[in-house]
Amino acid sequence: MSKKPNSIYSDPQPESLNNPNTQLPMSLKSAIYLMVMASIMGGAIIAANLTAIKIWDLFALIRNFLTWLYDIQPAFMQNLPSGNRLTSLISKLDPLSLAVDGGIIVFPITYILGDLLSEIYGKRIANIVANCNFALGLGFCAILWIVSLLPNYANADNSTFVAISSMVSRIFIASLISFWLSQRANNHLFAALRKQEKSSYQHRGFAFRAFFSSVAAHFVDSFIFETIAFIGRIPLGEFISQAIFAYFAGIALETILLPITKRLANSLSEKLESQT
């Protein structure tokens, strides 16, 4: 009995999917799934780029959380064996601060979608989606810039538009460029790991490919974003600590979500393969 190909296409070889001359027959359901994932990625990119403009303090968040615990259950917290240690920890955190961009909350979604696209549709389609969303972000910047050049109408209150257009800053551009380059790096390494598995007959599975491709892609993302957005604007020591935190925090968030990503990949693959 022949084994069903692990692909939505008639040709299971990933090399053919990367050939621009290859015809890609696609069912209606697989096309709908592709459009949905591409749309979600586009929305996540815009959201991540806009939220990246918000710079928040990690240590202030920890201090506020610990203080909140004491406020709601002061007696309980003080009676804990570690209660005095927590009080000391709060006081020690007072002089500390670490700048983190708000996009760190949303950006892992783009890596999850990139892994799903690479697994189900192949490197070529995943790169096309990344390129289109990068172009979408550039178009968003261009439209805001063009509209900002238009003369104001007398007595019109354009303060809302000014607030929105001001978001297209150095951080926004850095976030957009780092997304595009890191996504292409992620897709390339994901496809290379899958090819290596097939040639060596070592079937490590989707989770292995998704994790290690993201480890490399997050390095590209953190290095490019932190360099473009903050180099020369903050002290070198703070820049290094922020870049290291952004890298490991991104990997940690994606690792936590990896079981869900794996389940989605298996579920989508099974539904689409049932049509072939």
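A salt bridge is a side-chain nitrogen of Lys or Arg within 4 Å of a carboxyl oxygen of Asp or Glu. The structure shown above, which is a predicted model, holds one such salt bridge. A search of the whole structure also finds eight aromatic pairs and three cavities of 30 Å³ or more.

**The salt bridge**

- The two partners are R209 and E119, whose side chains meet at 2.6 Å, taken from N to O.

**Aromatic pairs**

- A pair of aromatic rings is described by the distance of the centres and the angle of the planes.
- Among the eight aromatic pairs is that of F208 and F212, with ring centres 4.8 Å apart.
- The planes of F208 and F212 stand at 50°, and the pair is therefore tilted.
- F208 and F212 are separated by about one helical turn, because they are four residues apart in helix α10.
- F208 has a relative accessibility of 23% and so counts as partly exposed.
- F212 likewise counts as partly exposed, because its relative accessibility is 41%.
- F212 also pairs with F211: the ring centres are 5.1 Å apart and the planes stand at 90°, so this pair is edge-to-face.
- F211, at 30% relative accessibility, counts as partly exposed.
- Ring pairs also join F219, F223, Y247 and F248 into a cluster.

**The largest cavity**

- Rolling a probe the size of a water molecule over the atoms shows where empty space is left.
- The largest cavity has a volume of about 150 Å³.
- Its lining is made up of 15 residues, of which D101, I104, F107, D221 and A246 are the closest to the centre of the cavity.
- The elements that each give two or more residues to this lining are α6, α9 (170–200), α10 and α11 (236–273).
- Helix α10 contributes the largest share of the lining, with five residues.
- By residue type, the lining of the largest cavity consists of six nonpolar, six polar and three charged residues.

**The second largest cavity**

- The second largest cavity holds about 60 Å³ of space.
- The residues that line the second largest cavity are A210, F211, S214, V215, H218, I251, E254, T255 and L258.
- Helix α10 gives the most to the lining of the second largest cavity, with five residues.
- The lining residues of the second largest cavity divide into five nonpolar, three polar and one charged.

Technical notes:
Residues are numbered from 1 along each chain as its sequence is written. This is a predicted model: local features need pLDDT of at least 70, side-chain atom pairs count only at pLDDT 80 or more; totals for chains, interfaces and linings use all residues. Side-chain values use heavy atoms; hydrogens and water are left out. Rings of Phe, Tyr and Trp (its six-membered ring) pair if their centres lie within 6.5 Å; planes under 30 degrees apart count as stacked, over 60 as edge-to-face and the rest as tilted. Buried means under 20% relative accessible area, exposed over 50%, partly exposed in between (1.4 Å probe, protein chains only). On a 1 Å grid over the protein atoms alone, a cavity is a set of points where a 1.4 Å probe fits but cannot get out, and a pocket is an open set with protein on both sides within 12 Å along at least five of seven lines; lining residues have an atom within 4 Å of a point. Grid points are joined across faces, edges and corners, and a volume is the space filled by probe spheres set on the points. Ala, Val, Leu, Ile, Met, Phe, Trp, Tyr, Cys and Pro count as nonpolar, Asp, Glu, Lys and Arg as charged, and the others, Gly among them, as polar.
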